[in-house]
Amino acid sequence: MSVDTTNDFATPAELEAKRSKALIVGIAGLVICAAGFVLSPGNFYRSWLTAYMLFLGISLGSLALIMIQHLSGGGWGIYRRIFEASAKSVYLLVPLFLPVVLGMSTLYVWTHEEHVAADEILRHKEPYLNTPFFLVRAVIYFVSWAGLAYFLTRLSARQDEGEVAVNSTLQRVSGAGLVIYAITITFAGIDWIMSINPHWFSTLFGFLMMGGQGLSALAFTIIVATFLLKHGALEGLLKPYHFHDLGKLMFAFVMLWAYFNFSQYLLTYAANLIEEIPYYITRTSHGWQYLALFLVAFHFAVPWLLLLSRDRKRNPYRLIWVAAWLLLMRYADLFMMIAPEFAPAGENMHMLTGEHASHFYLHWTDIGAPLAIGGLWLWMFFTNLSQRPLFAMRDPFLREALESGGGH
């Protein structure tokens, strides 16, 4: 396979229309969020955090998949440009974190000195859970993620220019980067989600974050790859076995999500500790139990059964529906992690009564925030994707990925 110009494998013209529509949707979502900020700031901050974690998960999950592919050399690296465009979109998520910073006093009870003084557990956790250190850690996370995205895409561009020595550099950066990713996303999950209920803790939470982000990235990549195939950009190049590879990975991550969640629940049930059980009591009562059963059925059981089919995994126009559904389930799962800790008016339950349970509720900001962040994020993603050819043309594994049935 030979490539003469960088214009080969360019993105389809339809991508520009999608890019414009995404920006319009993002602006419309921002208008809804602005109304939420004025009329119901508590719900706005909670909804923004939930939507933010979904799209952060796609970016960081894609970043991790790039690094795994550089280390493994797997044939599914044919999707590398999609992974890279998603990972680079983390740049936009840096300023979009500002509402979380502004809403800290609403989201996190440990930001209030009077609550810390009256709570022995919070007093013990104060050296870690305090506003200055929280912000310093956030800066470290974003510098790490943006730095990895920058160096990996910059090295990838140098590889396109023919620098053979870059291949080994990409592997070294990816090896160190996976360690950095695992550490930073574990602590970011603790800071941004787990500390909403500062009395609860789980040693599995970092694995839950990583598994969920990997699943989000795979589902999104399948959707984009199918769109590109439909519009002729990769016609004759992307084959059924390429989608089969991603389908198998998505199948594995669905089982991984179920395994981590069941393990966390089982350990909490067996230990029966007063610090841990309110988290699950909240999510199995007051109407939240129906969402819990919904997630068991439609985040695990139904996708698991559908993905057992080899034919479905090899047909992108059937697989895309499973991928789109799982992306919706990722939002529902994050909603389940965050929303039960808040009252319908958006206040953290710990700041109201010190209790843990609120009745199930939805708010219109739960629609506005995903539209705002999702529209802007997609606009940035489409911008990134259109800047480079759809294939990493000098990837040493590209020929094998295009000509073989996947794997090494």
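In this predicted model, the largest cavity comes out at about 70 Å³. It is one of five cavities of 30 Å³ or more. The elements that put two or more residues into the lining of this largest cavity are α3 (80-88) and α18 (365-386), with α3 supplying the largest share, four residues. Going through the lining by name, there are R81, E84, A85 and K88, then N384, L385, Q387, R388 and P389.

In soluble globular proteins, nonpolar side chains tend to be buried together. Here, the largest nonpolar core takes in 124 residues, and the members that touch the most others are W48, Y52, Y108, W145, W192 and M250. Helix α2 gives the most to this core, with 17 residues.

Leaving aside residues up to four places away in sequence, W192 touches L49, Y52, M53 and L56, along with F97, Y108, F134, A138, Y141, F142 and W145. Among these partners are Y52, Y108 and W145, which also sit on the list of core residues touching the most other members.

As for α2 itself, the helix covers residues 41-72, 32 residues in total. From its first C-alpha to its last it reaches 46 Å, close to the 46 Å expected at 1.5 Å a residue. Most of α2 is covered, with 28 of the 32 residues buried.

Technical notes:
Residues numbered from 1 in each chain as written. Predicted model: local features only at pLDDT ≥ 70, side-chain atom pairs only at ≥ 80, totals over all residues. Heavy atoms only, no water. Expected span 1.5 Å × (residues − 1). Buried < 20%, exposed > 50% of the residue type's maximum accessible area, 1.4 Å probe, protein only. Core = buried A, V, L, I, M, F, W, Y, C linked by side-chain atoms within 4.5 Å. Contact = heavy atoms within 4.5 Å. 1 Å grid on protein atoms, 1.4 Å probe; cavity = no way out; pocket = protein on both sides within 12 Å on 5 of 7 lines; lining within 4 Å. Points joined across faces, edges and corners; volume = space filled by probe spheres on them.
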